[in-house]
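I'd like to walk you through one model, so please have a look at the screen.

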Amino acid sequence: MNNTAGSNINQARSLIDNAKSILIATHIRPTLDSVAASLSLYLSLSALGKQVSIVCPSAMTVEYSHLVGVDKITNDLAKSFGKNLVISFPYQEGSIEKVSYNIENDTFNLVIEPREGFPQITQDAINYSYGNGDTDLIIVIDTPRLPDLDQIYQNNQSLFNAKNIINIDSHNQNTNYGRVNNVNPVASSTSEIVLSFLSEMGYKIDPDTASNLLIGLSSGSVNFTSVKTSAATFEAAAICLRNGAKKQDGQKSFSDMTENQPQFMPNLPKMKPSTPFLGQQINPSPSKTGPVNASPNQNNNPPPDWLKPKIYKGSGGLL
């Protein structure tokens, strides 16, 4: 399998270890490979106890329904991890005496008491919003450029500019926008890169993660027939299967491909039976009797001297 450079792995490990909250994002109109890779990383990091959110600018359709965790993907960053109501107003150091709350008649009241000598907080000065939360790290999957995240990026550019980004991708057009760039254009799929990444990081690959990765590998490599399919691709699939990946209906396995060779290698010509050279003995079929035709242009009765040995003389004539 393709190994990420050691310095990249060490940087990525440090960023993930120090992050409590992680955002995973993938591009608009995602492929099955990009969603599978994103969800695999989501499941693996969640198993580490990290608070992980996952976003995609496009809504998930039935195409992705068999991927584990697909219900966790949202197309709105605020819905993903910005559910907190934020009340904002101008503030001077020491101007707040106390903040408290009470509940009366099923109504929640937030009470902000200004300190003596400071102006009251007016209603016009208060703003309400839903915060984007406080993510420590962003991991972008299968996305050559940040603008490919569409409104996820356009509406939150300050967040992407302020946070460290790990960039994992298989496109050769990738602009290497991350603090850590794990980009391998030779790989058959981004799922193949994510599996390598998880393995090198030493993270557990459970059956759900393995199943997602196997789907991504199969889709990204066009059922293991694309020109980018390599020994590393098959090795990655084997790792998924050893870790409990479940084969989906309609998904090819190695046995499927080897039993149906023309489908696995559609351009492979069919072998023709060899034609015996003249004079080679041909054993007749047990179900037939009598001499076997030596030539399609001859009738069933060969000439009387056909089986007699021919004697050559020096001048080239036959005796």
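Let me start with a question: does T209 count as buried or exposed? At 0% relative accessibility, T209 counts as buried, where buried means under 20% relative accessible area, exposed means over 50%, and partly exposed is in between, with a 1.4 Å probe and protein chains only.

Before going further, a word on what you are looking at. This is a predicted model, in which local features need pLDDT of at least 70, side-chain atom pairs count only at pLDDT 80 or more, and totals for chains, interfaces and linings use all residues. Residues are numbered from 1 along each chain as its sequence is written, and side-chain values use heavy atoms, with hydrogens and water left out.

Back to T209, then. T209 lies in helix 7; helices here are DSSP runs of H or I with at least four residues, strands are runs of E with at least two, and both are numbered from the N terminus. Leaving aside residues up to four places away in sequence, T209 touches S40, L43, S44 and L198, contact meaning heavy atoms within 4.5 Å.

Now the whole chain. There are 10 helices and 10 strands, and 37% of the 319 residues count as buried. Among the contacts with a separation of 6 or more, 66% are between residues 24 or more positions apart.

Strand 1 (residues 21-26) pairs with strand 2 over 5 bridges, in the parallel sense. Strand 2 (residues 51-55) is mostly covered, with 4 of its 5 residues buried. Strand 1 also runs parallel to strand 8 (residues 137-141), joined to that strand by 5 bridges. Here I24 has I139 of strand 8 as its bridge partner.

What about the two helices against each other? The axes of helix 2 and helix 6 come within 8 Å and cross at roughly 20°. That makes helix 2 roughly parallel to helix 6, since angles under 35 degrees count as roughly parallel, over 145 as roughly antiparallel, 65 to 115 as roughly perpendicular and the rest as oblique. On the helix 2 side, D33, A36, A37, S40, L41 and S44 meet T190, S191, V194, F197 and L198 in helix 6. By class, that contact has 6 nonpolar, 4 polar and 1 charged residues; Ala, Val, Leu, Ile, Met, Phe, Trp, Tyr, Cys and Pro count as nonpolar, Asp, Glu, Lys and Arg as charged, and the others, Gly among them, as polar.

Helix 7 (residues 207-220) has a helix partner too. Helix 7 and helix 8 (residues 231-242) pack at an angle of about 155°, with their axes 9 Å apart. That makes helix 7 roughly antiparallel to helix 8. The contact is made by A210, L213, L214 and L217 of helix 7 with T233, A236, A237, C240 and L241 of helix 8, and these residues divide into 8 nonpolar, 1 polar and no charged.

My last stop is a hairpin. Strand 5 (96-104) and strand 6 (107-114) pair in the antiparallel sense over 8 bridges, with 2 residues between them. Within that pairing, S100 stands opposite V111 of strand 6. In general, most residues other than glycine have a negative phi. N105 is exposed, with a relative accessible area of 76%, and D106 counts as exposed at 80%.

Definitions and conventions: Axes fitted to C-alpha atoms, helices over the stretch in contact; angles between N-to-C directions. Pairing = 2+ DSSP bridges.
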